[in-house]
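Work through the exercises below with the model open. Try each task before you read its solution.

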Amino acid sequence: MNRIIISLIVYFWASANAFTCDTARENKDNNQSPGISVNTVTEKGAWCWFADPRAVYYENQSGTIRSTYIGYIDVHGNIKATQIDHLTNKTSEVLIRSWFQPDDHNNPTFIVLPDERVMIFYSRHTDESCFYYRVSRKPGDISTLGKEIRLETADNTTYPSPFILSDDPDHIYLCWRGIGWHPTIARLTMPDKEDKVRFDWGPYQILQSQEGGRGVRPYAKYMSNGKDKIYLAYTTTHPDNQSVNYIYFNYIDINTYELKDIKGQKLAEVGSGILHNVEATADYRKSYPDAVAEDSPYRNWLWEISVTDEEKPVIAVVRISEDKNSHEYYHVRWTGTEWRKTFLSHAGGHFHQTPDLEKCYSGGMAIDKADPSIIYGSVPVKGKYGLVYELKKFTVTSEGTLAFTEQLTYDSPKNNIRPFVITNEGKNPQMVWMYGDYYDWIVSSARPGYPTAIRTNMDIPSGEINPDKGLLYQHPESIVSPGDLKVIDIPKSDKFTIIATVAVDHDAYYGEILKTDAFAYGLKEGKQSKPYIKMGNSEIISSNILANSDAWKMQNRGTGGHWYAPVKPESFQLAITYEDGVLRTYIDGLIDQHAEIKELSLSEVVSGGFKGVIQNIRIYNRSLSQDEINMITIISP
């Protein structure tokens with residue numbers, strides 16, 4: 001996890017007195033202070049924009065937790081997350097799930113439970129009838145994730161969006177695209193002692209579009225008021241499939257389960273078996289004028305909603321032309337009597353590198369979490385490297401005119417896309433976005449998918465990196481196992497790190513890799529080999545397979561429910577650390593396993609109890625940080 005900190009020059013706006021109400025003007029005052037710095041969260045990560053929250057900030061009242069959690073998936077099918085602990089000034093990147101469908105629709109989403117543990121949901125893209133989830137063992141700490149649990153449903157799943165509401169604090173409300181490819185909701189029990197949950201209301205289809213005709217897919221964004229309502233804005237269908245695509249705005253009252261329009265008129269009762277049916281027609285608009293937020297004759301799509309001000313919710317809308325080549329961003333706000341539309345910017349066409357594919361994919365928008373009059377958008381700008389998508393900030397007045405436009409990133413070599421605002425600390429939003437090349441939403445033999453990075457304007461903590469500090473032993477030569485056995489004696493230590501590069505024979509993909517006087521580490525035998533930690537008769541098995549999803553690179557594009565064979569790595573870096581009663585394992589620099597073991601000490605390491613090769617062994621008398629572990633990966637011969 002190499003943290004690359006890049007300083008970019010940004011221009012601040014001139015005084016508010018220097019603009020007219022109907023014209024936005026970019027300030028070009030080079031004498032102002034530099035703007036945002038740009039840091040890399042991960043070099044490999046992506047997300048879609050319908051599964052949210054893809055990142056959250058949580059701070060408790062007692063002051064013991066103050067962290068940001070950012071989730072994503074990479075092209076190797078690894079679902080991952082980074083936690084930035086603002087109290088300890090420490091960053092952790094966690095492997096949530098290896099060998100998953102390599103599709104950017106499958107990014108994880110987060111919710112903080114009443115006991116302050118973090119619950120993470122994820123699912124495949126429309127072709128499997130279940131969710132997966134993991135719950136942290138410790139409050140606020142996703143580096144302590146428990147085992148993966150599968151939550152079965154009767155229908156396919158995509159885009160999980162979880163909520164907890166104060167009027168019903170004993171349940172989790174989960175929204176997703178499910179039944180009939182339509183918006184779906186269910187109520188879950190809270191995790192029990194084994195972290196298991198169950199549906200105790202639903203799943204139910206929330207509404208119906210165009211009588212549920214073949215191929216109709218409403219796309220929905222959800223947000224709650226935290227108390228008693230879940231708001232949703234949604235389309236008639238996918239904008240690719242219909243040249244006039246309305247956007248509707250409703251809410252669900254979780255005390256009555258009624259679906260209502262913006263003025264509180266009941267449209268249907270969710271779960272009653274009678275669905276409210278929407279249509280992109282003048283007749284529907286006439287019958288339900290307060291249920292339609294956007295009826296302009298375009299291939300409309302939406303990026304986010306805000307109910308920060310419940311009386312005046314906001315939708316970030318993109319209008320896409322008939323030929324899909326022209327995209328335009330709009331700020332759409334409810335005034336109390338109507339939906340007012342404010343043009344923000346021309347947004348080019350589709351942002352990615354593949355012609356004639358997903359032409360409705362705009363660069364993307366995000367609404368400011370503290371001030372919904374502000375929208376951040378990704379738009380094409382001509383700069384040093386040609387026409388590249390840069391981030392801009394758009395501010396709309398209370399009268400509905402565009403007041404300011406401020407460019408935030410400049411002269412980027414590659415595109416900055418799909419921004420998301422996590423929260424605001426003071427006046428500075430915590431922002432994250434994707435950066436780099438993008439070819440498709442799924443990895444296949446046709447295209448390499450989404451080899452993007454995740455970037456942020458937040459400072460990413462980094463401590464001292466000293467690969468020689470505390471080094472007790474180093475053996476760079478290869479040990480061929482099982483012929484060679486290397487017994488390493490070191491001074492006894494109650495803090496330690498073991499790092500090695502390991503290659504396991506693919507025809508004998510199991511065995512004990514390291515054995516110490518405190519524990520053993522190895523691979524379970526089976527079709528899906530998982531790492532384990534063993535202490536006496538106790539065995540802790542990882543939720544992750546030691547393999548990736550690169551087999552998708554050889555397959556046809558699509559979501560057909562296949563689980564292609566796991567691809568075993570030629571080699572991987574193993575790191576094991578111990579300090580303050582916590583044993584952690586890392587696979588290629590990502591946190592995999594966490595075990596709480598008191599009074600563990602190390603004085604002997606034996607390598608070579610499996611069929612394969614181990615090399616570059618290093619043993620330290622301290623617990624190295626994750627950044628140090630990743631640095632050693634680079635400097636190892």
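**Exercise 1. Class the residues that line the largest cavity: how many are nonpolar, polar and charged?**

Solution. This is a predicted model.

Step 1. List the lining. It consists of Phe50, Tyr159, Trp176, Arg177, Pro183, Pro218, Tyr219, Ala220 and Tyr222.

Step 2. Sort by class. Tyr, Trp, Phe, Pro and Ala count as nonpolar, and Arg counts as charged. The lining therefore has eight nonpolar residues, one charged residue and no polar ones.

Step 3. Trace the lining to its elements. Strand S13 (168-177) and strand S17 (220-224) each give two or more residues to the lining of the largest cavity.

**Exercise 2. How many cavities of 30 Å³ or more does the structure hold, and what volume has the largest?**

Solution. 

Step 1. Count. Three cavities reach 30 Å³ or more.

Step 2. Read the volume. The largest cavity has about 60 Å³.

**Exercise 3. In what order do the six strands of the open sheet run, and is the pairing parallel or antiparallel?**

Solution. 

Step 1. Walk across the sheet. The order is S37-S46-S39-S40-S41-S42, with antiparallel pairing.

Step 2. Find the edges. Strand S37 (486-493) and strand S42 (538-541) each pair on one side only.

**Exercise 4. Which residue in S41 stands opposite Tyr521?**

Solution. 

Step 1. Take the strand pair. S40 (residues 520-523) and S41 (residues 531-535) pair in the antiparallel sense over four bridges.

Step 2. Look across from Tyr521. Ile533 in S41 stands opposite.

How values were computed: Residues are numbered from 1 along each chain as its sequence is written. This is a predicted model: local features need pLDDT of at least 70, side-chain atom pairs count only at pLDDT 80 or more; totals for chains, interfaces and linings use all residues. Side-chain values use heavy atoms; hydrogens and water are left out. On a 1 Å grid over the protein atoms alone, a cavity is a set of points where a 1.4 Å probe fits but cannot get out, and a pocket is an open set with protein on both sides within 12 Å along at least five of seven lines; lining residues have an atom within 4 Å of a point. Grid points are joined across faces, edges and corners, and a volume is the space filled by probe spheres set on the points. Two strands pair if DSSP finds at least two bridges between them.
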